[in-house]
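I'd like to walk you through a structure, going from the single chains to the place where they meet.

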Amino acid sequence: MADLSTTFIGIRSPNPFWLASAPPTDKEYNVRRAYEAGWGGVVWKTLGSEGPPVVNVNGPRYGVIHGADRRVLGINNIELITDRPLEVNLREIKSVKRDWKDRALVISLMVPCDEDSWKDILRRIEDTEADGVELNFGCPHGMAERGMGSAVGQVPEYIEMVTRWVKQYSRMPCIVKLTPNITDIRKPAEAAKRGGADAVSLINTVNSITSVDLDNFAPEPTIDGKGTHGGYCGPAVKPIALNMVAEIARSAATRGLPISGIGGVTTWRDAAEFMALGAGNVQVCTAAMTYGFKVVQEMISGLSQYMDEKGFASTADLVGRAVPNVTDWQFLNLNYVTKAQINQDLCISCGRCYAACEDTSHQAIAMSPDRVFTVKDEECVACNLCLDVCPVENCITMRELPKGTVDPRTGTVVGDYANWTTHPNNPAAKAAAE
Amino acid sequence: MASTPYASGVVAGRLAPSDYAANFADHAPPLDPHEARVAADRCYFCHDAPCITACPTSIDIPLFIRQIATGTPDAAARTIFQQNIFGGMCARVCPTENLCEGACVRMEAEGNPVEIGALQRFATDPMIARGEHPFTRAAATGKRVAVVGGGPAGLACAHRLAMKGHEVIVHEAREKLGGLNEYGIASYKAPGDFAQAEIDWLLRIGGITVRTASALGRGVTLDALLAEHDAVFLAIGLGGANALGIPGEDAPHVQNAVDFIARLRQTADKAALPIGRDVVVIGGGMTAVDAAVQSKLLGALNVTIVYRRGQDRMSASDVEQNHALTAGVRLITNAVPVEIRADGAVVFEYSVEGGSGSQRTGQTFALPADQVFKAIGQTLALPAGLMAEGRKLGAGHLGGRLWAGGDCAAGGEDLTVTAVAEGRDAAEAIHAALIG
């Protein structure tokens, strides 16, 4: 069986599945049970400064997006950082870590953006024997209004400054957690690196309103007739997160900076995708909140089976393996020609491919009176929409036209690799040639 | 009264009172909102959906299911009623396994269709229960149309004509409207007097006058109707039952299954209905199944359906057949009735199907019977002055100002949903003729 143990910025854990800083990691009771269920590590829910803890709303904290059969696709929350006293959290962290030395335990921190506040909190967590700290520069709601969370994460200079303080006043490995609520994820990652961060983790939640109550005309979750934007997470945000992880992994300025991948990890496959795009491990929250701690057991068995099938001895064999294949559009091979093909044995004749293609794409699927659907190669641009909307897996596939054959749509012969940079329609290419 | 399951002869009260209540309760209880949501989520919203094609009334099924899934069941009900004003009854009695659900692409995918019938009931029941009629009449046209027969075809026609602003007079031979909905459907398929509740709701469109105990040759004549109305729609159903043509058929314990079913429907206290210990039903259609199953539910100990051809030729669907078998009904096929003996028993002869039809084998057997129900099909009782095309009236426009539809007319299967479609389409044709 494949070895799932990982060492992430010097922190060892028996598997790459950590619980993200969030409600599931709020207290000793939860964290012990999470470890018992098999989670490799935990990022303790964000601690704030000493003093009266923050308070949360006393109405609903979460909103949800459902798929078919009320499957949870995304959750948004307006919960703040821990609302329990600092001393209680520190005592519990120490107690848990003493009993679970083989598991990772990282403390998430969020204090006001001044040197003394950070110096103080780092001093206080010193003797918990936690493995590291994660700087919460990500939460987009509530705390951001007080100049913390994403208010810091949206200003690269602040990220760099605070990270520098943390590295100056603490020996602990430092992960900087990034907000996706910015235009270019590479900038905050570069700032974290400049400040001396050992790693970045991403994404934190996406600013969002999940739904509107159409009777009370208020955003949900609704507190006494009013609502506010919250942080969106779960399977729905995974594509956003994957792209941001990949951008950091392939950018020259940040290449090699360890990444903890977060955002909609629900199955082993999601985790493997994050890792292939450069994440050294993953953090999970929504899947645990939806299905409970036990869900990690499928992640462990699934990743293990996959790695065995691929012959990967350790997670290091997987991490970053897809990064070289993430490129810019301009470098994609314009002479790679495919055509959709429909497996008539698998087809259930629902006609969704036809509706999608006929109404919204390239009119490249024919429908016979007895409901047989076939692809018109002379019209098919291989957009993939038919495959995407087909309810039957592998019923529609893409067939690559071999080099030297004629594409019936364009009448041209499929040639060697060639991309936009040299394409005759590209004005820049002409300029270079002249 | 003590229950008497083993008593011979035809006796009432074979079961405990609670058994009757349980046996004749809704055999397919309605979906609750959660079940409906889960069922609706399975619809693929197919392009040019096969289920619509398979529905004789062409209900836009993917649309109404999506309307349920998005929390607007009343909009779903309107989608259904637009095509089929008897959407409530059809949700209960349609052989969906042969129609919409049989065509569902999920059958191809996993052999388990979207529960279209149950979803249709989920959408339509609340609006009918509230007595909220979804349509309003167009301005009066001054045209008068007579509808003969107050079953699904006649009422569907009357409703559509009334909607278009015509004045409609419905003549119904029996005491109550509804036709087979009221007299021919198994009790457990439409309990709670649903058929009458649905008709009361249907008549809220207004503009429909009902004359019961009125039929051709009984109070009215076709000539008189034609003289007094701008058009006449005949939906008289199939009044006659086929006979076996064997010795002993006239014995008092031999009845038409349709009469048994009708009496059962009209009897509120099922415990008062006498039933035999040994019951034999002859036939292979839905009427045979309904008579057999309900005999069983009334406490008959041994109920046997005997069909003259092979099981694959039975017109009762697989679902219906399984329903009978699950109820404990015995099924014998390839056996032809030859005689009803003086002791009540029915003698059958086995037959085999060969290239030139079925061949008698000479091998016989007898089934003891306290009651025998004949369910070998119904025939048109041809009104005076009309010509039949084969065994039925012609379909649709018969010429002049006369139309026909439902079971009495040629074309389509003898199903409630088919009758509704024919009534509706005749109304559209009549409207076009009167206004166009």
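Let's start with chain A, which the domain assignment divides into domain 1, residues 6-325, and domain 2, residues 329-433. Please keep in mind that this is a predicted model. Taken over C-alpha atoms, the centres of domain 1 and domain 2 of chain A are 39 Å apart.

Now over to chain B. Here the assignment gives domain 1 (33-130), domain 2 (144-239 + 380-435) and domain 3 (243-374). As you can see from those numbers, domain 2 of chain B is written as two stretches, 144-239 and 380-435. Between the C-alpha centres of domain 1 and domain 3 of chain B, the separation is 33 Å.

So how do the two chains meet? On the chain A side, 14 residues are in contact with 12 residues of chain B. About 1,100 Å² is buried between chain A and chain B, and carbon and sulfur atoms give 62% of that area. Which residues of chain A lose the most area to chain B? They are Asp69(A), Ile348(A) and Arg371(A), and together they account for 42% of what the chain A side buries.

If you look for secondary structure on that side, helix α11 of chain A (residues 352-360) supplies the largest share, with three residues. Sorted by class, the side of chain A that touches chain B has eight nonpolar, four charged and two polar residues.

And the pairings across the interface? Between chain A and chain B, the count of salt bridges is zero, while five residue pairs are in polar contact, both partners at pLDDT 80 or more.

Note on methods. Residues numbered from 1 in each chain as written. Chains lettered and ligands numbered in written order. Predicted model: local features only at pLDDT ≥ 70, side-chain atom pairs only at ≥ 80, totals over all residues. Heavy atoms only, no water. Contact = heavy atoms within 4.5 Å. Buried area = accessible area lost by both parts, 1.4 Å probe. Salt bridge = Lys/Arg side-chain N within 4 Å of Asp/Glu carboxyl O. Polar contact = N/O pair within 3.5 Å; in protein donor to acceptor, adjacent residues only side chain to side chain. Helix = DSSP H or I, 4+ residues; strand = E, 2+ residues; numbered from the N terminus. Nonpolar A, V, L, I, M, F, W, Y, C, P; charged D, E, K, R; others polar. Domains from an automatic or database assignment.
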